[in-house]
Amino acid sequence: MEITSPENLVPLVKKFKLENGITLYKLSKGFEILDVIEPELAKDVLYFILKKKEDDFTTYRLLRYKKNIHDVSIDAEFKATTTDSAVLNTLGALSKHLF
């Protein structure tokens, strides 16, 4: 789902009972949401995986939403020219939260 207006996020805000939809919108505007990950062991955190196609590359952004304090931040942002580099960068960004 591409984010072009705050209304695009309403289904996710309702589904995950999010209170900080405005900041989430500001950080995801112009991007397509690929997936929302809710880790099994950390129920108070959501990860939004976003992408935006540009000329010769794709920009990926990983947002972390801390539900207990309603904080949204950019956890990682990188440009990738291949699927391999996108996967490696995403896994690298997520792996710092495993332990």
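The model is predicted: local features need pLDDT of at least 70 and side-chain atom pairs count only at pLDDT 80 or more, while totals for chains, interfaces and linings use all residues. Residues are numbered from 1 along each chain as its sequence is written, and side-chain values use heavy atoms, with hydrogens and water left out.

Helices (H or I, at least four residues) and strands (E, at least two) are DSSP runs, numbered from the N terminus. Four strands make up an open sheet, ordered β1-β2-β3-β4, with antiparallel pairing; two strands pair if DSSP finds at least two bridges between them. At the edges are β1 (32-37) and β4 (71-80), each of which pairs on one side only. On average, neighbouring strands of the sheet are turned by 20° against each other, direction ignored. Strands β1 and β2 (residues 45-53) run antiparallel and are joined by five bridges. In β2, phenylalanine 48 is the residue opposite valine 36.

Axes are lines fitted to C-alpha atoms, for helices over the stretch in contact (heavy atoms within 4.5 Å), and angles run from 0 to 180 degrees between N-to-C directions.

| Helix | Strands it lies across | Angle to β4 |
|---|---|---|
| α2 (residues 21-28) | β2, β3 (58-66) and β4 | about 10° |
| α3 (residues 83-95) | β1, β2, β3 and β4 | about 150° |

Helix α3 contains threonine 90. Threonine 90 has a relative accessible area of 15% and is therefore buried (under 20% relative accessible area; exposed is over 50% and partly exposed in between, with a 1.4 Å probe and protein chains only). Apart from neighbours within four places in sequence, threonine 90 is in contact with Ile49 and Phe78.
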